[in-house]
Structures are given as structure tokens and as C-alpha cells.
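Please look over the sequence and the structure shown here before reading on. The briefing after them goes through the chains, the contact between them and a few selected elements.

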Amino acid sequence: MPFSKLDTPAVARTLSQIAEQPDDVVDAFFERREEVELAPEGEPGGLRVWREEGFAVRLSREGRTWLASRDEVEAKPFAEALRQVARAFSSASYPEPSLEVAPTGPVAAPELPEFPAALSRAVRAHHVGFPLRIALRRHRRWVQVVGPRLVPGPETETFYSCAAESSWGRYGVLLPRLDAGAAEEIAAAVVALFRARQAPPPLPFRGAAVLGPSAVAVLLHEAVAHALEADTLAQGGNPESAVGVAMAAACLDVLDDPAAAPEGVRRATDDEGAVVVRRWLLRGGIVEQPLADALWARTSPVLMPGAGRRGTRHLPPGPRSSHLEILPGEASEADLLAGSEEGLFLPEASRGALDPLSGQFALHFPYARRFRRGALAETVGPCVLRGRVADLLTRVVAVSSEARPAGAGWCAKGGQKLPVWATAPALRLEGVEIS
Amino acid sequence: MSVAPLLDEVLRALLKRHLTDAEAYVKRGRSRRLERTAVTESSSNSQERAWAVRAGNRRGSFFAAATGDPAPAGPWPEPVAGNALELPEPQPVPAWSTPSDFDTPLIGEREGLKLLESLGRELEAELPRARVLRAVLEDGSSESELANSRGLRARTRNRIATLYIEAAGPGSPAPTASLYVAAREPHHFHPTALARRLADRLAVSASGAPPERDTGDCLLAPVIVARLLAGLLPLLVGPGPGSRLTGARGRFGSDRVTLIDNGRLPGGAFESPVDGEGVPTREVVLVEEGLFRQPLLAWWQESAAHGEPSGCTRRAGWRDQPAPGPTHLYLKPEPRTSVSALLGAVAQGYYLIDVTGPGRFDLAADRFALPVCGFAVQSGRASAPVAGAWLCGGIGAFLKGIVGVGRDLTFHPLDGMIGSPSVLAAGLELRAGPG
């Protein structure tokens, strides 16, 4: 742990000097990051390594935030950053606490060079073979937050990102570990893209759609998590007024629980040092607890902190989801595909977008499969599910009884790129528009 | 202060490890970021200090980058087999004097917030009940220095400011619009002009409708042409592809089309005497009066296509691998033609003022579709607002159908800075959907 020798009590004492008002939010955020990438085939720089460390000091008061960040963890720049954010006595010199951090060691990522071969084997096990361009990266992050009154424990995250590109499309995913299961997950996805390569897109259609767990994760990340972030809600009015609103069908229970994320990315505290909570975003389709960080939680007793995240130390934190959990229902796979009408099964979403003001939503799928009379039928090409969030979420009629980790990916709201994780079951929606 | 001795020491240390090809790069930067939303305000002050090293030999290579200063002793990653690393030889750099505005200090907190506030006021003055949802001003400057094992040494400085604005108009659902602009200094952002541009777009979006399908002369605002040029970049950068759109006599566009890229464009946001690898930049004419001259070629692509290479390898930051791309690519303006003269020449057609979303480019099928808004025009006068429309056509047909070019050259931060004046084009189609 790089920050184990950091003199956190001294940092806390120094921070307390700039927290002059009872409601001031003051903290120091120390981070170290390491990314190791195996260069995609044909590109120079066989192994690529990025290492960075630094800190940010922040003061938030009455809706205004001042932040100063540096690319080093040293006493003098720390005192200088404090001076920059302090609102009173900014010409004062602050004490320079001892900021000793552990040195970085040699780079070792033996698991990376082995994975492309494992992935090729997994693809061949599907009785197909085609060229695949793989970008594979290991992400590690160490975080230590210090407040004037509270010093939470350090946090670490380790995960992998993989993008597999073929002539028929790209599949990108985040993985908590690189193992045979990860290779099979990617292989199945790229083989599905290959098998759908000549499928024509479906004609515009209104009817039943069954979303696979990965697609559900993307849908609910955009339509529930982003929609219930306190800063997004504030664009349309008072965030706390969302509480109690019936936003989705009664069968939908959606939580954000960073402590239940896959091992390696599980968090006990957020990027502001607040303890994370098992947050019911929707209970029975009704909004219960929007996502809030320390700053938004100060604006209303209804909002709880614990969802503050930082994509980088150079930007202030914001309320974001970490690990969405959609509770399973009671429907079997046969129930989801049942009925006399024809429908579309949408296993994977490539991307989603929400306009927070209009509530208009679009979810893009690289391919889909028709289903009729309870059975999956032919594959169709790319299509888009569109609608207004409020309308779309009320159209959920059944939730699968089996939830699984799915839909992990990057979210880049406001230029802050963050990994997001999910555990989700499949859903059936009725009367939705797909074109 | 120069870090050349440190870079030399790093190169020597790498050579001792038998890494005969090596490049060391150091960057120092500082930036101020100011953000205003309806309810929050933030001010960030960041200082970056980081380096990047590329090194290799016949057997393998690596890329390593980190914050702080590079330690000649490492730890360095082990090179991994892959494509060999190629580095440029030193070349004489034509005389260049550092622009005086590189020395101006970053915008102050009060001044920056005042600029953002005035945007909101100006917008409301232009369009009552319109409001700025989010405005972000970033202002930064940096110095970089690099050295490679071939003897190349280069020092560069950069200064750039960007402004992002999201706004909502009156009504329900409220129309929204956003703008992203860049300049060397924040003083080049004129709140009144920017507010007018946003207000025009919001007003048109609120009241306009798309034509079902129509053709006619289209006067395209600079931002629309810039977006079209950005979509064409795969045809203009690197060896080979440019010839795809040339006719039997090498004709790429009408005789009004002259496309230039210039890394040392005076006043340009990325003006620099050398590129991201230390190779001298210069003006390169890619298309001259409609005739395709050459693609944009990096030094290592010299023999791969007809044409003279130039310093066009961009390095956005210390985390990024150098890659070829345009710096200031623009359609040459016609100084004698005003926009009103072009508008007056439209008997029946459209004046399209802005792009409202991401476009679709199918270079293989020679088709594009771009969501736009503007006005229907009759006898040189606006007759009705147009919104939700898609400008569609063939890429070759667009370039060959350019019948007039204005003098209002404006650059937009897209893939590099892409510039264009207003353009009068024939043969394009306006539709209600992308087709």
C-alpha cells in the first residue's frame, strides 16, 4: 500500500485549518494509478506502462468548490495547494506535513501476454476462427482520503479492460480477473458478432423485447443510475423531489452497492472517504434514494453521501454509481420468451445515451434474435431501442429469476471516465419501439 | 529551465540496457478549470509534471510514462516483442518565434467565472427564459522537451483554452444545445457571439421541423463543413486512401476546394515549430483547387505514398502515444466573398447553421448523414426554421458540388483543429431521417 507511511493525522490537522465553517467539506485525496497494456498486434511499444501519483485538496462551501491538484506527493506542493483553496488567510503559510509514499516497484504483468492465446483457443472452441485485434490493459488504483475529522482506510482497485475488434465489430468489456471464464465471455461475444455479420437489421417494430443481463445493465445504468444522480436531477429542479416518484414498473428493484461489487473493485468507502451504502435507487419501481456525494448530501437531509467518485484527482468528485444490482424476479427463461406474439431478444447493448432534460433514451444493439412461441429464432442485425425513460421503465413486465454479473464497462459522464459494474437478470418489456 | 541533461542521462541509461532506439519526453503544465451549473460553481487549479519514454531494439520495445521526473535507473519494463520502434532523425527547424500570448498568465478565478456568468446573461438577453445548464472553461499552458537516440532535441510550448456550454431553451420539453470551442486564450471567447449562436440553435430547435425530403442549394455554416471535413479525415491522413475520392483527372472536389494542413499556422491553437516527435511542422497543401495533391504523411510514411512528409505527429499529452493527424486542417477561404453574398445566391434552398449530434460517415459507400438545423431560404431570405433534419449525400458529390466559399474561416476543436468558412453547396439532400 503506497500510502501506509503517510502522516494522515498531520494532514488532517492541516486541513482543519481551512475548514472554517461547520458545513465546509474539506478533504485531501491521494491516489496512485498504474496501467499496464499489451500493445495491440501490429503496434509498437510491446508493453505500455502508465504510472501516476498525486493529490488534490478540496474545499466546498455553499455550493462552491475550490480544488488544487498536483502530480506529486510532497510536502511543499501540498502546502501550496492548501493556500490555493483556502478562502481566508490565503497568504498564510501552512505547515508542511510529512508525505512519505512507498516507491514504485518493477512492472510485472505476466498474465497479460498469456491472455490473447487463451482467447484464441476459446474462439476456436466455438468452431470458428477469424483475425482478432485485442487491446488488453490492467488497471490498478490506490486511494487514500483524509478529512479534517475522519481518516478512512485506504482503498485499492484492480481490474482489466479488454477490447476485441474484428471485421464485424468491436466488443469491449471490463473484467475483475483474467481467467478461462473471462476468455469464454469475450469469445462468446465476438463469435456472436461474427455469426450476425450478414443479418439484416429488423424492420421498425413495436412489441415485446427481452433484454439479456448485459443489455439490462446498460439500460439501467443510463435510465436509472444517471437519471438519479443528484447533479442530473438538479438540472430539472430539486433533487429530493424525485424521492417517492413511481419511475418504473413495480417489479423493478434497483440498488447501487459498491460493497457488493466483484472482488478486486469492491469498496468500503467512496472517493470522498464516506462509507458506501447499499442504496435502494428504486424499490418496487419507486425512487427511494438518489445517488449523492458529500456536497449534494449537504443540500438535503433526504440525500445520503457515499456515492462520490472521482475519475481523476484533477477534477472535483461527483455523484455516480459503482455497482448496480437489479434484484432477480420470478420469471424463468421460458416465461420471458412466452406468448403468441413475435418479439426480439437483445442480448448485448453496445452503447446507451440519455438526454437528462427530455428523458429521451436510446440503446444501441449490434444484433438481436427474434423469438416466437417461446423459442429463439433467426438473428437480425443492428437495431436501436428508443423511448422516454419514464415510459420505457414502466413497460417492464417480467424479471428473470437468475441474476449474474454483467454489463461492466466504462462510463464517461462529464469527461470523468469511470469503471461501472453490474449484477443483473434478464427483463421482458412490452410495447417498446425498436428500429 | 531545460531538462536536457536529465533526458540525456535517461537515454544513456537505456542504451546501457541495449535499448538502442529510445526517446524521452518531459511535459510540465498548469491549468485552471472553472465550471458553473445552475446550482454549483467550481474552480480547480492543477499542475502536471510527467514524462514518457519509448525504447526498444530489434527484439522488442516498451512505452512507459509516469508523473514526476524520469529516474535513469528505472525501473523500466522489459521490452516485449512486437513491431519495431522507429524514431525520426534530426532536421533543421525553420525560424519561429514564440507568440507573445504564450506568456500571458492563465485566466484568474474571478475573471473566468465572470465570463461564464456573462454567457448566461447574454443568452437570456438573446432568448428570454433560455438558461445555461453547464459551462466549463479550461485554460492551460505547458512546456515539453524531448530527446531521442538519433540526436534529435526539441522544446515546445503550448497555450490553449476551451469552453464548453450546455444550454436549454424555453418550453417543455426544453430544447437543448451545446457548444465546444477552443482558442489560444480565453479572451478570444466572446460571450455575445457564443450566446447568439446558442440562442439561434435553441430557437430553431423549438420551432423548426424537418422537410420530408428536399434538395436545393445549401449554405453551410463553418461548423457544418468542419464536421464534414473531420468525417473525411481517414481519406486525407496516411498513405493510400485519399485516391478513393479522386476522379479520372485526380479531381477531389470543385475548383473552390483547397485543403491545407499547417502545424505552424500563425495564431492557431496548436501553433508549434515541431510536432510531437520533434519533426518540423509546415504548411501542406492536400487538395489544390479541387485536385488531390497528397495525403498528410508522417516522416515514416514517406515512401508509402506520393507526397512530401511533414511534422504531423500529434502528442496530446504524456499519456499518449504519438500518432499522425491534422493540426490545423482547413478549407481555404475566399477573401472577397461575404456570407451575405453567398446567402443572396440561394434562390431556393437552406441555410444550415449548426450540427445537432454525431454524424454518420460510410466512406466505402461514399455516403454521409449529419443532423443539422437552420432555415429554409427563398430568394436569399430565411423563410422557415428547420430542425431535426439530416443533411445527406455523397461525400464526393459534396466536395464536387461546392460552388461558393466565404471568407469567414473559423476553426473548431474536432480531430485537431478543423477549419472552414461558410460554403455554398449544390446537390445535397435534406431529410427527416438519416436514411
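Which residue of β3(B) is the bridge partner of B:Ala50? The bridge partner of B:Ala50 in β3(B) is B:Thr67, and the strand that holds B:Thr67 is taken up again below. This is a predicted model, in which local features need pLDDT of at least 70 and side-chain atom pairs count only at pLDDT 80 or more, while totals for chains, interfaces and linings use all residues. Residues are numbered from 1 along each chain as its sequence is written, and chains are lettered from A and ligands numbered from 1 in the order in which they are written.

**The two chains**

- Chain A has nine helices and 24 strands, where helices (H or I, at least four residues) and strands (E, at least two) are DSSP runs numbered from the N terminus.
- The radius of gyration of chain A is 23 Å, close to the 22 Å that the globule rule gives for 435 residues, so chain A is as compact as a globular protein of that length; this radius is taken over C-alpha atoms, and the rule is 2.2 Å times the number of residues to the power 0.38.
- Along the principal axes, the C-alpha atoms of chain A fill a box of roughly 75 × 50 × 30 Å.
- In chain A, 50% of the 435 residues count as buried, a term that requires 20 or more other C-beta atoms within 10 Å of the residue's own, whereas 12 or fewer make a residue exposed and counts in between make it partly exposed, with C-beta atoms placed from the backbone.
- Chain B comes to six helices and 21 strands, and its radius of gyration of 24 Å is close to the 22 Å of the globule rule for 435 residues, so chain B is as compact as a globular protein of that length.
- The C-alpha trace of chain B spans about 75 × 60 × 40 Å along its principal axes, and 52% of its 435 residues count as buried.

**Where the chains meet**

- In total, 39 residues of chain B are in contact with 37 residues of chain A, two residues being in contact if their C-beta atoms, placed from the backbone, lie within 7 Å.
- On the side of chain B that touches chain A, β2 (41-56) and β3 (61-67) of chain B each supply at least two residues, and the largest share, 11 residues, comes from β2(B).
- Strand β2 (residues 47-61) of chain A runs parallel to β3(B) and is joined to it by five bridges; two strands pair if DSSP finds at least two bridges between them.
- Within this pairing, A:Trp50 stands opposite B:Ala65, and the bridge partner of A:Arg48 is B:Phe63.

**β2 and β3 of chain B**

- A hairpin of four residues joins β2(B) to β3(B), and the two strands run antiparallel, with seven bridges between them.
- β3(B) is mostly covered, since seven of its seven residues are buried.
- Both faces of β3(B) are covered, with B:Ser61, B:Phe63, B:Ala65 and B:Thr67 buried on one side and B:Phe62, B:Ala64 and B:Ala66 buried on the other.

**An open sheet in chain B**

- Six strands of chain B form an open sheet of mixed pairing, in the order β10-β9-β8-β13-β20-β19.
- At the edges stand β10 (291-292) and β19 (410-414) of chain B, each with a single partner strand, so one side of each is left without a neighbour in the sheet.
- Strand β8 (residues 259-262) of chain B is joined by three bridges to strand β13 (residues 328-331) of chain B, and these strands run antiparallel; there, B:Leu259 has B:Leu331 as its bridge partner.

**Helices of chain B**

- Helix α3 (residues 191-207) of chain B has 17 residues and reaches 24 Å from its first C-alpha to its last, close to the 24 Å expected at 1.5 Å a residue, the expected span being 1.5 Å times one less than the number of residues.
- The buried residues of α3(B) include B:Leu194, B:Leu198 and B:Leu202, and the buried residues of this helix pack against several elements of chain B, among them α2 (109-126) and β5 (153-168).
- B:Gly112 has its place in helix α2 of chain B, and this residue is buried, with 23 other C-beta atoms within 10 Å.
- Leaving out residues up to four places away in sequence, B:Gly112 touches B:Arg32, B:Leu34, B:Ile107, B:Leu137 and B:Pro186.
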